[in-house]
Amino acid sequence: MASLKFCTDCSNMLYPREDKVNRRLLFACRNCDHEEVADNCCVYRHEVGHIPSEQTMVVKDIASDPTLPSTNIRCPKCRYEKAVYFQSQSRHPDTRMSLYYVCRNLECQHRWQS
């Protein structure tokens with residue numbers, strides 16, 4: 001069963017580290033010099049992948065946010081000629097940069113991407 005290990009000196013989480021000289025697995029603290037030999041040589045890695053559209057949850061009043069840049073682009077839904085835009089926040093190397101637009105018409109607030 002996988003479990004988290006914590007440093008006995010500073011209570012921070014221990015991370016797996018390979019001791020190549022002695023060919024063994026250690027758990028080491030990144031904040032102090034504490035290390036301990038792993039009792040199980042199995043390391044689990046859990047990655048959560050997100051697609052850009054999952055990370056662009058648009059809040060209700062995003063169209064009136066004064067910190068976002070605005071442009072004169074026509075909304076494909078209501079034909080209003082102003083929108084705010086922002087860039088995709090995905091850090092995945094396979095994901096291309098995308099711009100997301102939100103219509104500034106408060107009755108529409110349609111969202112689309114370039």
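Three strands form an open sheet in the order β1-β2-β3, with antiparallel pairing; two strands count as paired if DSSP finds at least two bridges between them. This is a predicted model, in which local features need pLDDT of at least 70 and side-chain atom pairs count only at pLDDT 80 or more, while totals for chains, interfaces and linings use all residues. Residues are numbered from 1 along each chain as its sequence is written, and side-chain values use heavy atoms, with hydrogens and water left out. Strands here are DSSP runs of E with at least two residues, and helices are runs of H or I with at least four, numbered from the N terminus.

- Strand β1 (residues 14-19) runs antiparallel to β2, and 6 bridges join them.
- These two strands form a hairpin with 4 residues between them, and R23 in the turn has a positive phi of about 50°.
- β2 also pairs with strand β3 (residues 35-37) in the antiparallel sense, over 3 bridges, and this hairpin has 5 residues between its strands.
- Look for L26 in β2: R17 stands opposite L26, and L26 also stands opposite V37 in β3.
- Strand β2 (residues 24-29) is mostly covered, with 5 of its 6 residues buried; buried means under 20% relative accessible area, exposed means over 50%, and partly exposed lies in between (1.4 Å probe, protein chains only).

**Charges over rings**

- The charged end of K5 sits over the ring of F27, 5.6 Å from its centre; the rule asks for NZ of Lys or CZ of Arg within 6 Å of the ring centre and within 35 degrees of the ring normal.
- R30 lies over the face of Y15, at 3.5 Å from the ring centre.

**Aromatic pairs**

- Rings of Phe, Tyr and Trp (its six-membered ring) pair if their centres lie within 6.5 Å; planes under 30 degrees apart are stacked, over 60 edge-to-face, and the rest tilted.
- By this rule there are 3 aromatic pairs.
- Y85 and Y101 have ring centres 6.0 Å apart and planes at 50°, so this pair is tilted.
- That pair links distant parts of the chain, with Y85 in strand β5 (residues 83-87) and Y101 in strand β6 (residues 99-103), 16 residues apart.
- Y85 is partly exposed, at a relative accessible area of 26%, whereas Y101 counts as buried at 11%.
- F86 and Y100 form a stacked pair, 5.8 Å centre to centre with 20° between the planes.
- This pair, too, links distant parts of the chain: F86 is in strand β5 and Y100 in strand β6, 14 residues apart.
- Both F86 and Y100 are buried.
- Y85, Y101 and W112 form one aromatic cluster.

**The whole chain**

- The protein chain has 0 helices and 7 strands, in the pattern β-β-β-β-β-β-β along the sequence.
- Buried residues make up 24% of its 114 residues.
- Among contacts (heavy atoms within 4.5 Å) between residues at least 6 apart in sequence, 30% join residues at least 24 apart.
- The chain exposes about 9,000 Å², and carbon and sulfur atoms supply 48% of it; accessible areas come from the Shrake-Rupley method with a 1.4 Å probe, and for residues only the protein chains shown count as cover.
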